[in-house]
Amino acid sequence: MKIAVPVNSNNEIDGHFGHCEFYDVFTISGKNEIIEVQRITSEQGCGCKSNIAGTLAQNGVKTMLAGGIGQGAINVLNQAGINVIRGCSGNAEKNVLLYVQGKINDGGSTCEHHEHPGGHECNH
């Protein structure tokens, strides 16, 4: 199983999916242990308009643990076969381990409206 997490340089889950610095892709063993972490540099820009969903799907990702994320990005990820768990925060590795233990569920909230630098607005 592979789980992706949008992170910053401190390995914390980024509160805004489309603005993260990296996506860490955790490979999980059959014993629910992390056996590998691959770091993918984030494309700059809105998450719903980037190619990250396709890139993650090509790398075998089936789950995304995210903090703040809009419905547009969720739709793109879902279309790529990636399930999104919202409302996560803190250390990425700890969240992944809690998720595989069944201790994290979808937070259910999405970003409804936000403005990006340069005037670009997303209505997710």
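**Group meeting: a walk through a predicted model**

Okay, let's start with helix α3, residues 92-100, where Ala92, Asn95, Val96, Tyr99 and Val100 are buried. They sit on the same side of α3, because they cover an arc of only 130° around the axis; that arc is taken from the directions from the helix axis to the C-beta atoms. By buried I mean under 20% relative accessible area, while exposed is over 50% and partly exposed is in between, using a 1.4 Å probe and protein chains only. And what do the buried residues of α3 pack against? They pack against β1, β2, β3 (34-41), β4 and β5 (83-85).

Before going on, a word on what you're looking at. This is a predicted model, so to speak of local features we need pLDDT of at least 70, and side-chain atom pairs count only at pLDDT 80 or more, whereas totals for chains, interfaces and linings use all residues. Residues are numbered from 1 along each chain as its sequence is written, and side-chain values use heavy atoms, with hydrogens and water left out.

pLDDT is the predictor's confidence in each residue, from 0 to 100. The protein has a mean of 85, and 82% of its residues reach 70 or more. Watch residues 111-124, though: pLDDT stays under 50 there.

Now the overall layout. We have 3 helices and 7 strands, and from the N terminus the order is β-β-β-α-β-α-β-α-β-β. Those are DSSP runs numbered from the N terminus: helices are H or I with at least four residues, strands are E with at least two. Of the 124 residues, 46% count as buried.

Next, strand β1, residues 2-7. Here 5 of the 6 residues are buried. β1 pairs with strand β2 (residues 22-28) in the antiparallel sense over 6 bridges, and Lys2 has Thr27 of β2 as its bridge partner. With β4, β1 pairs in the parallel sense over 2 bridges, and Ile3 stands opposite Thr63. Two strands pair if DSSP finds at least two bridges between them.

So let's stop at Thr63, in strand β4, residues 63-65. Is Thr63 buried or exposed? Thr63 counts as buried, because its relative accessibility is 7%. Beyond its neighbours within four places in sequence, Thr63 is in contact with Lys2, Ile3, Ala4, Ile82, Asn83, Ile85 and Tyr99. Contact means heavy atoms within 4.5 Å.

On to the cores. A nonpolar core is a set of buried Ala, Val, Leu, Ile, Met, Phe, Trp, Tyr and Cys residues joined through side-chain atoms within 4.5 Å. The largest one has 18 residues, and those that touch the most other members are Phe17, Tyr23, Leu56, Met64, Ile69, Leu77 and Val84. β2, α1 (52-58) and α2 (71-79) each give two or more residues to this core. There's also a second, separate core of 15 residues, including Phe22, Phe26, Val96 and Ile104.

Last stop, two asparagines. Most residues other than glycine have a negative phi. Asn11, in the loop between β1 and β2, has a positive phi near 60°. Asn32, in the loop between β2 and β3, has a positive phi of about 60°. Asn11 is partly exposed, with a relative accessible area of 35%, and Asn32 is partly exposed, also with 35%.
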